[in-house]
Amino acid sequence: QVQLVESGGGLVQPGGWLRLSCAASGSIFNGYAVGWYRQAPGKQRELVAKIGSGGNIYVDSVKGRFTISRDVARNTVYLQMNSLKPEDTGVYYCRGGPGYGDWGQGTQVTVSS
């Protein structure tokens, strides 16, 4: 089992930005897919962005605003979120590990004026 720890969430005004980090307990990111998911109140958890050997994918609602990247030396995957909107509010989780079955505890993102 791999431990994943998210950080970087917070309260931001519409149009602002945040950078989320997902740090892994070991050298497991190289070659493995890592995804960022979010869960808004009363809604199901959804995939936001994913990075893997086949490239990066994004949900349509964040294309052009969010960027996923990885720093293998730091065992960390980032989610740069620009031009934030109120509908981006939710708890953001990262998912990864050898079987893509490990989850972090989540970090809250609130976009509000």
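Here are a few friendly notes on the structure above, which is a predicted model.

1. The protein chain has eleven strands and zero helices.

2. Next, the overall dimensions. The C-alpha atoms of the protein chain fill a box of roughly 40 × 25 × 25 Å along the principal axes. The radius of gyration of the protein chain is 13 Å, and this agrees with a compact globule because one of 113 residues would come out near 13 Å.

3. What about the inside and the surface? Of the 113 residues in the protein chain, 42% count as buried. The chain exposes about 5,900 Å², with carbon and sulfur atoms supplying 46% of that area.

4. Contacts across the sequence are worth a look too. Taking contacts in the protein chain between residues at least 6 apart in sequence, 53% join residues at least 24 apart.

5. Do look for the disulfide: a search of the whole structure finds one. C22 and C94 form it, with their sulfur atoms 2.0 Å apart. The pair links distant parts of the chain, as C22 sits in strand β3 (residues 18-24) and C94 in strand β9 (residues 90-96), 72 residues apart. The link of C22 and C94 is right-handed, with 65 degrees about the S-S bond. Both C22 and C94 are buried.

6. Finally, the charges. The protein chain carries 11 positive and 7 negative charges, and the mean positions of the two sets are 2 Å apart.

Terms used:
Residues numbered from 1 in each chain as written. Predicted model: local features only at pLDDT ≥ 70, side-chain atom pairs only at ≥ 80, totals over all residues. Heavy atoms only, no water. Helix = DSSP H or I, 4+ residues; strand = E, 2+ residues; numbered from the N terminus. Rg over C-alpha atoms; globule rule 2.2 N^0.38 Å. Buried < 20%, exposed > 50% of the residue type's maximum accessible area, 1.4 Å probe, protein only. Contact = heavy atoms within 4.5 Å. Areas by Shrake-Rupley, 256 points an atom, 1.4 Å probe, with all protein chains shown as cover. Lys, Arg positive; Asp, Glu negative; His and termini not counted. Charge placed at Lys NZ, Arg CZ, Asp CG, Glu CD. Disulfide = S-S within 2.5 Å.
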